[in-house]
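Subject: Structure handover

Hello,

Please find the structure below. My notes on it follow.

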Amino acid sequence: MCNLKSNKTLEEFTTYINEIKQLDNLEALTIFPSGLYLSLMSDYNISFGSQDISIYTDGSSTGEITAKQVKSTNAQYTIIGHSERRNKFSEDELLLLKKIKVALNENLKVVYCIGETKEEKLRQKTYQVLEKQIAKIFNSLSDAEMDQIIIAYEPIWAIGGGNPASAKDIAEISEFIKKIILDYYDKDIKVLYGGSVNSDIIASFNKIKTIDGYLVGSASLKIEEVAKMLQIINKNQ
Ligand code: PGA
């Protein structure tokens, strides 16, 4: 899954998506473009979603994009709780839960991002932090709502810096996430890893049985990288 964040002008995006369209193994790809370009995505046979949605559902929310508007572009997914939203826009789990409910109400599948800071990792609080980020949402979801959630484990310190978590940590942590969701909520959940993923490291991460996919930022901006990653994922399936 490729999170393009707030990158690319209209012209750059159009060139990008037309090149992406030519690649093989597109069934494995989901693109999260800037909200500005969502309505262009239905012209391509590529799965897509929004990077966020408004907590509001009414028409009097200047500057916001509602879940209903996102759904009307034929988007299937929305990301909720990306660490950049949590940090730059002070989004806490109370607000994220409301957004998740709003998204699910419009039949958008949710990629819910969780992850620890560098400091929390150093203080060996990773598992505690993740458990809390999960419980604060999952305790308030119905059985059917949980089925529409994918978790993206994105250690905050690993995002954008070219320094991914180790394969060993990713394996242990994704196994932990799956286990608590199975134990507490009786659900088999899909877990993605995100944080400095690129074509060089995806091959080794792809051997991790408890990882179901990737949320890729910087590397997804380059066509050659997307092509290589799709090729590797396809070979391993
Ligand atoms: P990155 O971003 O791949 O550039 O680390 C990942 C993300 O923010 O989802």
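First, a term for what comes later: a residue is called buried under 20% relative accessible area, exposed over 50%, and partly exposed in between, with a 1.4 Å probe and protein chains only. This is a predicted model, so local features need pLDDT of at least 70 and side-chain atom pairs count only at pLDDT 80 or more, while totals for chains, interfaces and linings use all residues. Residues are numbered from 1 along each chain as its sequence is written, and side-chain values use heavy atoms, with hydrogens and water left out.

Overall fold

The protein chain has 10 helices and eight strands (DSSP runs numbered from the N terminus; helices are H or I with at least four residues, strands E with at least two). Its C-alpha trace spans about 45 × 45 × 30 Å along the principal axes. Of the 237 residues, 51% are buried. Among contacts between residues at least 6 apart in sequence, 70% join residues at least 24 apart; contact means heavy atoms within 4.5 Å.

Salt bridges

The count comes to 15 salt bridges, each being a side-chain nitrogen of Lys or Arg within 4 Å of a carboxyl oxygen of Asp or Glu.

- R123 pairs with E119, with 3.4 Å between the closest N and O atoms. R123 is partly exposed, at a relative accessible area of 47%.
- D169 and K121 form a salt bridge at 3.4 Å, N to O. D169 belongs to helix α8 (residues 167-185) and K121 to helix α5 (residues 118-122), so this pair ties together parts that are 48 residues apart in sequence. Both count as partly exposed: D169 has 24% relative accessibility and K121 has 28%.
- D212 and K178 form a salt bridge at 2.6 Å, N to O. D212 sits in the loop between α9 (199-205) and β8 (213-215), whereas K178 is in helix α8, so parts that are 34 residues apart in sequence are tied together. D212 is partly exposed, with a relative accessible area of 37%.
- A network of salt bridges links D52, R85, E91 and K99.

Regards
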